[in-house]
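Hello,

Here is the structure we talked about handing over. Please open it first, then read my notes below.

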Amino acid sequence: MLRTCTWLFKGFIDFFFPPLCAACGERLGEDEEVVCDTCRQSFTRVPKPLCLRCGAGGVKAKQKDCKACPEKPVFFDLARAVVLFRGSAREAIHTLKYKTRPEVGPVLGRPMFLYLKRELGDETFDAIIPVPLHSSRERKRGFNQAELVAEEMARLAHIPLIPEVLVRIKSTKQQTQLPPEKRRQNVAGAFALRIAEPILGKTILLIDDVYTTGNTVNEASRVLKEGGASRVCVLTFARV
Ligand SMILES: [Zn+2]
Ligand SMILES: [Zn+2]
């Protein structure tokens with residue numbers, strides 16, 4: 001009975017407010033969910049070969065560091081992104097974060113899980129940690145987009161999600177608004193460990209929605225490594 005009511009209610013809502021693609025804003029087809037097929041197909045993979053460290057595309061084969069790597073020292077073991085931050089991928093992330101549509105999170109988490117299986121299949125991860133937001137920003141947005149993405153990945157990959165380990169203790173400016181030389185400084189001291197025990201000697205998969213300069217995930221990786229994690233790999237949905 002309850003289920004029938006839910007369906008009726010959904011039908012009613014869909015009739016008056018047809019669901020729109022989170023990327024292009026067009027009306028979704030019957031079999032389409034959150035992001036339309038055309039937009040999904042236009043997501044562009046990061047072109048290989050990749051920098052073995054930061055995952056930047058279009059470098060020399062087997063290059064271990066590149067111009068795009070964060071300023072040294074680099075604390076993560078490798079970073080990878082599924083697609084380039086442009087076009088419909090950029091729009092979908094924008095809709096998730098700024099138009100507050102949390103249902104976009106799992107849509108980004110699924111291709112990340114497939115990427116994990118396809119490209120990082122040799123790695124065994126003990127736990128997944130999303131890059132945390134400062135509590136004031138999370139309260140304003142109502143959720144942490146990285147956690148929504150990470151939740152879906154953890155569910156599909158059967159890897160424990162431990163968001164409680166890492167906290168953001170400093171409210172930082174958005175990295176994109178800063179010149180490159182200020183970005184490292186902006187995130188310095190932004191994170192702290194709440195509990196170290198779950199990461200001791202473990203291989204951690206650190207998740208974020210977008211990789212911009214790598215300074216944010218590098219700072220989070222520093223805290224995890226200093227807290228006892230043996231290996232930290234970063235996976236983001238998109239890369240600038
Ligand atoms: Zn679309
Ligand atoms: Zn690099």
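**What was found**

Arg118 counts as partly exposed, at 41% relative accessibility. Its salt-bridge partner is Glu119, with N and O 3.2 Å apart. Glu119 is partly exposed too, at a relative accessible area of 31%. Please keep in mind that this is a predicted model.

**Salt bridges**

The structure holds 12 salt bridges. Asp209 forms one of them with Lys97, and the closest N and O atoms are 3.0 Å apart. Asp209 sits in strand β5 and Lys97 in helix α3 (residues 87–98), so this pair ties together parts that are 112 residues apart in sequence. Are these two residues buried or exposed? Both Asp209 and Lys97 are buried.

Glu152 and Arg110 also meet through their side chains, at 3.1 Å from N to O. Glu152 has 8% relative accessibility and counts as buried. Arg110 is partly exposed, with a relative accessible area of 33%. The cut-off for buried is under 20% relative accessible area, which is why Glu152 and Arg110 fall into separate classes.

There is also a network. Salt bridges link Asp77, Glu123, Lys225 and Arg231.

**Zinc sites**

Ligand 1 is a zinc ion. Which residues coordinate this zinc ion? The donors are the SG atoms of Cys21, Cys24, Cys36 and Cys39, at 2.3 Å. The site is tetrahedral, with angles of 103 to 116° among the 4 donor atoms. Along the chain, the donors of ligand 1 follow the spacing C-x2-C-x11-C-x2-C. Within this set, Cys24 and Cys39 link distant parts of the chain, 15 residues apart. Cys24 is in the loop between α1 (2–16) and α2 (37–42), while Cys39 is in helix α2. Cys24 is partly exposed, at a relative accessible area of 38%. Cys39 is buried, at 8%.

Cys54 and Cys69 each lie in the loop between α2 and β1 (78–84), so the pair ties together parts 15 residues apart in sequence. Both Cys54 and Cys69 are buried.

**Sheet and helices**

What is the order of the strands in the open sheet? The 4 strands run β1-β6-β5-β2, and the pairing is parallel. β1 and β2 (127–130) are the edge strands, each pairing on one side only. Neighbouring strands are turned by 25° against each other on average, direction ignored.

Strands β5 (residues 203–211) and β6 (residues 231–239) pair in the parallel sense over 8 bridges. Asp208 stands opposite Thr236 in β6. Two helices are worth a look here. Helix α6 (residues 145–157) lies across β2, β5 and β6, and runs at about 130° to β5. Helix α8 (residues 215–226) packs on the sheet and touches β2, β5 and β6. The direction of α8 makes about 165° with that of β5.

Best wishes

Definitions and conventions
Residues are numbered from 1 along each chain as its sequence is written. Chains are lettered from A and ligands numbered from 1 in the order in which they are written. This is a predicted model: local features need pLDDT of at least 70, side-chain atom pairs count only at pLDDT 80 or more; totals for chains, interfaces and linings use all residues. Side-chain values use heavy atoms; hydrogens and water are left out. Donors are N, O and S atoms within 2.8 Å of the metal (3.2 Å for Na, K and Ca); water is not among the atoms, so sites may look incomplete. Four donors count as tetrahedral if all angles lie between 85 and 135 degrees; four count as square planar and six as octahedral if opposite donors are over 155 degrees apart and all others between 65 and 115; anything else is irregular. Buried means under 20% relative accessible area, exposed over 50%, partly exposed in between (1.4 Å probe, protein chains only). Two strands pair if DSSP finds at least two bridges between them. Axes are lines fitted to C-alpha atoms, for helices over the stretch in contact, and angles run from 0 to 180 degrees between N-to-C directions. Contact means heavy atoms within 4.5 Å. A salt bridge is a side-chain nitrogen of Lys or Arg within 4 Å of a carboxyl oxygen of Asp or Glu.
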